[in-house]
Amino acid sequence: MHDISGFGKCSLTVALPVVSATGVECACIPTALLSTHTGEFTGWTRCDLSGQMLPIARHWAGYGIEFDGIYSGYLASPEQELLLEEIIGLLAGPDTLVICDPAMADNGEFYAGFDESMAAAFRRLCARADVITPNVTEAALLSGVEYRPAPHSKEYIGRLFAGLEAHAGRYVAITGVHPAEGVIGTVVRDRLTGEERSSMSRALPGMFYGTGDIFASAFAALLVRGADIGDALGAAAALVRESIERSCLRDTPRPYGVDFEGALPEYVKRVEKIFS
Ligand code: PXL
């Protein structure tokens, strides 16, 4: 469950191909239809698809279709969170992995049109999830810890994890962590064992749209396929890193999204290795 931004390579236009490339069948319930994503573009069109979501889920439920995972991202409104909970109730069995990417903010700011009510909605949804994948801004908004730009000390990330205790299931992956100048990555904490793992790469300057969605889509699909958390983190992070590196080489306009298509063949090889 995510929006379709027709142009700009984020949400469903990356989730569908990335989940498929992971070898996982992807059905989708769109939350909204936009002409583009809302970062840097202006004058975008937007249609809230709340009225379609439950009828789609009820149609599927009528067929008794079973889902190994339910992954959600961008919502059209805070009110949609109740719909998502109802849909999860309809479609999730006892073994369905629920992954919530609380896609609402970045760089210390809410996305266009969102405010604290969206953070409150995602706090409820994340509490229902097994895995959550906030970036640093979203982790701060969910936890009530102040947002800090880079560098992010170990102590600050520890406070974010602690603040998320009440709003998360077993795994919390915080993306966009900048421990030092020129370094960026993701830190995952297993709340059951207290174990933490991180994947860090060279940070390239600027904003890369859709990379949070690419990471969450790959991570979610890999976990649904049964990858262990370290393998899922490594492969999802490598896909994001290579997509960004290729975009920099090609120098495509930043709001147009990253070159994940060119990075997918290597990703598929990594996925095959994990499951071989
Ligand atoms: O990539 C997150 C995202 C998803 N969907 C829409 C967005 C954004 C980020 O700006 O605007 C519509």
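Predicted model: local features only at pLDDT ≥ 70, side-chain atom pairs only at ≥ 80, totals over all residues.

What follows are my entries on a sheet, the cores, a helix and a serine.

Entry 1: I began with the strands and found an open sheet of three, ordered E1-E2-E3, with mixed pairing. E1 (2-7) and E3 (46-48) are the edge strands, and each of them pairs on one side only. On average, neighbouring strands here are turned by 15° against each other, direction ignored. I then checked E1 against E2 (residues 30-36): the two run parallel and pair over four bridges. For Phe 7, I looked up the bridge partner in E2, and it is Thr 36.

**Entry 2: the cores.** Which residues have the most contacts inside the largest nonpolar core? I got Met 1, Ile 87, Met 104, Phe 122, Ile 132, Leu 160 and Ile 174, in a core of 46 residues. Several elements give two or more residues to this core, including strand E2, helix H3 (80-91), helix H4 (116-127) and strand E9 (171-180). A second, separate core has 34 residues, with Phe 208, Ala 227, Val 240 and Val 258 among them. General note: nonpolar side chains tend to be buried together in soluble globular proteins.

Leaving out residues up to four places away in sequence, Ile 87 touches Met 1, Ile 29, Met 53, Leu 54 and Ala 57.

**Entry 3: helix H9.** H9 covers residues 260-274, which is 15 residues. From first C-alpha to last, H9 reaches 20 Å, close to the 21 Å expected at 1.5 Å a residue. I also noted a bend of about 30° at Glu 266.

Which residues of H9 are buried? My list reads Phe 260, Ala 263, Leu 264, Tyr 267 and Val 271. I put the spacing down to helix geometry: an α-helix has 3.6 residues a turn, so residues three or four places apart point the same way.

**Entry 4: Ser 247.** Last stop was a serine in helix H8, Ser 247. Is Ser 247 buried or exposed? Ser 247 counts as buried because its relative accessibility is 5%, and the cut-off for buried is under 20%. Its contacts, not counting residues up to four places away in sequence, are Thr 252, Gly 257, Val 258 and Asp 259. I had already met Val 258 in the second core.

How values were computed:
Residues numbered from 1 in each chain as written. Heavy atoms only, no water. Expected span 1.5 Å × (residues − 1). Bend = angle between axes of the 7 residues up to and from the residue. Buried < 20%, exposed > 50% of the residue type's maximum accessible area, 1.4 Å probe, protein only. Pairing = 2+ DSSP bridges. Axes fitted to C-alpha atoms, helices over the stretch in contact; angles between N-to-C directions. Core = buried A, V, L, I, M, F, W, Y, C linked by side-chain atoms within 4.5 Å. Contact = heavy atoms within 4.5 Å.
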